[in-house]
Amino acid sequence: MAIRKPNKVSQTTVLKQILKRCSSLGKKHGYDDDYGLPLDVPKGHFAVYVGENRTRHIVPISFLAHPQFQSLLRQAEEEFGFDHDMGLTIPCEEVVFRSLTSMLR
């Protein structure tokens, strides 16, 4: 069994990297040409993909401050990493995600 080194990157840095990744998914149809942001995502929110079918959800940035949501982000990093083209994918069932986010609102 390998011993994992502690991650020295601060939590704030990781959250900033996540937001940058979520907001720079490309300049294709439905994206603002100046900023690369999806046109259907309101300011102060970001998109995540959840569940087996990768259903898209728009969540407020304030969720990043909640320990339960941060736990989901750590799981996402372990399972998928953050360097891929799909956007931020959360590895949990959609019904669980909806339940959690309804409590965070």
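The model is predicted: local features need pLDDT of at least 70, side-chain atom pairs count only at pLDDT 80 or more, and totals for chains, interfaces and linings use all residues. Residues are numbered from 1 along each chain as its sequence is written, and side-chain values use heavy atoms, leaving out hydrogens and water.

Let's start with the whole chain. You will find 3 helices and 3 strands in the chain, where helices (H or I, at least four residues) and strands (E, at least two) are DSSP runs numbered from the N terminus. Their order from the N terminus is α-β-β-α-β-α. The chain has 105 residues, and 33% of them count as buried; buried means under 20% relative accessible area, exposed over 50%, and partly exposed in between, with a 1.4 Å probe and protein chains only.

Now look inside. The largest nonpolar core has 16 residues, and Val48, Phe69, Ile90 and Phe97 touch the most other members. Such a core is a set of buried Ala, Val, Leu, Ile, Met, Phe, Trp, Tyr and Cys residues joined through side-chain atoms within 4.5 Å. Strand S1, helix H2, strand S3 (88–90) and helix H3 (94–104) each give two or more residues to this core, and H2 gives the most, with 4 residues.

Leaving aside neighbours within four places in sequence, Phe69 is in contact (heavy atoms within 4.5 Å) with Phe46, Val59, Phe63, Leu64, Phe97, Leu100 and Leu104.

The structure also holds 3 aromatic pairs. Rings of Phe, Tyr and Trp (its six-membered ring) pair if their centres lie within 6.5 Å; planes under 30 degrees apart count as stacked, over 60 as edge-to-face and the rest as tilted. The ring centres of Phe46 and Phe69 are 6.2 Å apart and their planes stand at 80°, so this pair is edge-to-face. It links distant parts of the chain, with Phe46 in S1 (residues 45–50) and Phe69 in H2 (residues 67–79), 23 residues apart. Phe46, Phe63, Phe69 and Phe97 form one aromatic cluster.

Finally, follow H2 itself. Its buried residues are Phe69, Gln70, Leu72, Leu73 and Ala76. They cover an arc of only 155° around the axis, which puts them on the same side of H2; the arc is that of the directions from the helix axis to the C-beta atoms. The face turned away from this buried side carries the exposed residues Pro67, Glu78 and Glu79.
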